[in-house]
Amino acid sequence: MQDLGNVIRTLLLATIIAMGVGGTAAAGPFENADAAYNEGDYATAMRFWRALADRSYARAQYNLGNMYYFGQGIPVDNSEGRMWWHKAADQGHARAQFNLGNMYYFGEGVAENVAEAVKWYRKAADQGYAEAQFNFGLMYRLGDGVPQDVVQAYKWWTLAAAQGNENAITNKANAAKTMTREQIAEAQRLSTEWKPVGERD
């Protein structure tokens, strides 16, 4: 679990930094919140996002979760971060689902629960979220929370690799060295037939 844990922690932080909290700005309150956040005015960003989050806007809920989890302008509070991510995840926000998977996997703000981690990773992976697809593939490869299955691992890594996920590209290539032609063909068939489910932010 330690190897998977280090990979997932690194990916989570890199993903949040690369995407920024705001994502794509929209007109009005979201745009104001994003601008404030990007200028380091976390209090203003939180005020805007909190008003939107209270009205069930999933992206605002996700952003609040990030601020609490990473302590941006406020003390770190994993429990509060999880609460907001959970609200967004319940509405189908893929990045929030992925982050919840990480929290349950590592027991941050919640009791460690690999089954819950698998559930949330699966929801995000099913929507086409590459980092979740990579993690899900790694769990299949290791038999961590799911049955060990190199075909399923290769399938999920194929999907993540198609989006440019470097870890998936590397792991897929390494897995291929240990697989039969039939296993690779089956994994490729499964990845070709795969279709995203639900919404993705």
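**Exercise 1: the core**

Find the residues with the most contacts inside the largest nonpolar core.

Solution. This core, a set of buried Ala, Val, Leu, Ile, Met, Phe, Trp, Tyr and Cys residues joined through side-chain atoms within 4.5 Å, has 47 residues. Buried means under 20% relative accessible area (1.4 Å probe, protein chains only). Next, see who contributes: helix 9 (150–161) is among the elements giving two or more residues, and its 9 residues are the largest share.

A word on the source: this is a predicted model, where local features need pLDDT of at least 70, side-chain atom pairs count only at pLDDT 80 or more, and totals for chains, interfaces and linings use all residues. Residues are numbered from 1 along each chain as its sequence is written, and side-chain values use heavy atoms, with hydrogens and water left out.

**Exercise 2: a helix pair**

Work out how helix 6 and helix 8 cross.

Solution. Start with the axes (lines fitted to C-alpha atoms over the stretch in contact): those of helix 6 (residues 94–106) and helix 8 (residues 130–142) come within 10 Å and cross at roughly 35°. Then list the contact (heavy atoms within 4.5 Å): helix 6 brings Phe98, Asn102 and Tyr105, while helix 8 brings Glu131, Ala132, Asn135 and Met139.

**Exercise 3: helix 4**

Is helix 4 mostly covered or uncovered?

Solution. Count the buried residues: 12 of the 13 in helix 4, including Arg59, Tyr62 and Leu64.

Methods
Axes are lines fitted to C-alpha atoms, for helices over the stretch in contact, and angles run from 0 to 180 degrees between N-to-C directions. Helices (H or I, at least four residues) and strands (E, at least two) are DSSP runs, numbered from the N terminus. Buried means under 20% relative accessible area, exposed over 50%, partly exposed in between (1.4 Å probe, protein chains only).
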